[in-house]
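Okay everyone, let's get going.

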Amino acid sequence: MSKIYEALKRAEQERERTRGPAEQPPVPLGDDGAADGRPVPGTQEEYQRLRASLLSVTVPAGLHTVLVTAPNHGEGATTVAIGLATALGREREARVLLIEANPRAPVLRHRLGISGDAGLTDFIAGRVAPEALLTRIDRHNFSVIHAGEAAHAGAELEMLSGLLTRLRPQFDFIVIDGPPVNRYADVSVIAPVVDGVIMVVEADRTPLADAESATRELGKVGARILGVVLNRRRSYIPAFLESLL
């Protein structure tokens, strides 16, 4: 809890320090933190720092599955999940899988330009086998399972555990882009079956009370919270990531 408080407090201090007439407007962020398609200096280094922090975490059975989530919609969990998968995939021999487990608001097909039709919801419905869901993204050196067609009423994400069991031997790391904690109960199903959880909070946007509520919900299901990523600091250049792992 203190890590979340420290992250948000630091963002407030940064906002106060930089407040003034020269304040810059927000810049749209791309898949890897790029703005308007241009590389943002320092962003890749921030994700490499996050990767290094993750690899330094000691987990009894090893760290293979990581859930990335946020208290609310639109706070950057998908961007961080893509960035983390990309950083993990920079090791030539690494086998990395990114799973979109937010079927209510799927975006990965569009963000990554994936053409495959079958997604997570098709596996849950029993229409396809896990191996048929995999799409290789060579430019990032990782594979993807997108959410499939939007499921407005939610999906039976309990089956995600079986999917992870089936695919875990094929990958060194599985990054899961999860739904927001405070909006749906889905994360309480996913968090207990992964090795750790990264919480994304957005500077100037995520209320401390929301971050605390999300942390409590994760604690109730025994989630192992690895740390907090503070996303989109006030300057917005680069998409600031502060790993507190």
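Predicted model: local features only at pLDDT ≥ 70, side-chain atom pairs only at ≥ 80, totals over all residues.

So, how many bridges join E2 to E5? The answer is five, and those two strands run parallel.

As a reminder, strands of a sheet pair through backbone hydrogen bonds, either parallel or antiparallel.

Now zoom out. The open sheet has seven strands, in the order E3-E4-E2-E5-E1-E6-E7, and its pairing is mixed. Strand E3 (135-137) and E7 are at the edges with a single partner strand each, so one side of each has no neighbour in the sheet. From one strand to the next, the twist averages 25°.

Let's look at E5 again. Is it buried or exposed? Five of its five residues are buried. Phe 173, Val 175 and Asp 177 are on one side, Ile 174 and Ile 176 are on the other, and both faces are covered.

In soluble globular proteins, nonpolar side chains tend to be buried together. The largest core here has 32 residues, and the ones touching the most other members are Ile 99, Leu 160, Leu 163 and Ile 176. Several elements supply at least two residues each, including E2, E5 and helix H6 (160-167). H6 gives the most, with four residues. Click on Leu 163: leaving aside neighbours within four places in sequence, it is in contact with Ile 99, Leu 120, Phe 123, Pro 130, Leu 133 and Ile 145. There's also a second, separate core of 31 residues, with Leu 84, Val 96, Leu 98 and Val 229 among them.

Last stop, helix H8. Which of its residues are buried? They're Ala 211, Ala 214, Thr 215 and Leu 218. These cover an arc of only 100° around the axis, so they lie on the same side of H8. Just after H8 comes Gly 222, with a positive phi of about 75°.

Note on methods
Residues numbered from 1 in each chain as written. Heavy atoms only, no water. Buried < 20%, exposed > 50% of the residue type's maximum accessible area, 1.4 Å probe, protein only. Arc of directions from axis to C-beta. Core = buried A, V, L, I, M, F, W, Y, C linked by side-chain atoms within 4.5 Å. Contact = heavy atoms within 4.5 Å. Pairing = 2+ DSSP bridges. Axes fitted to C-alpha atoms, helices over the stretch in contact; angles between N-to-C directions.
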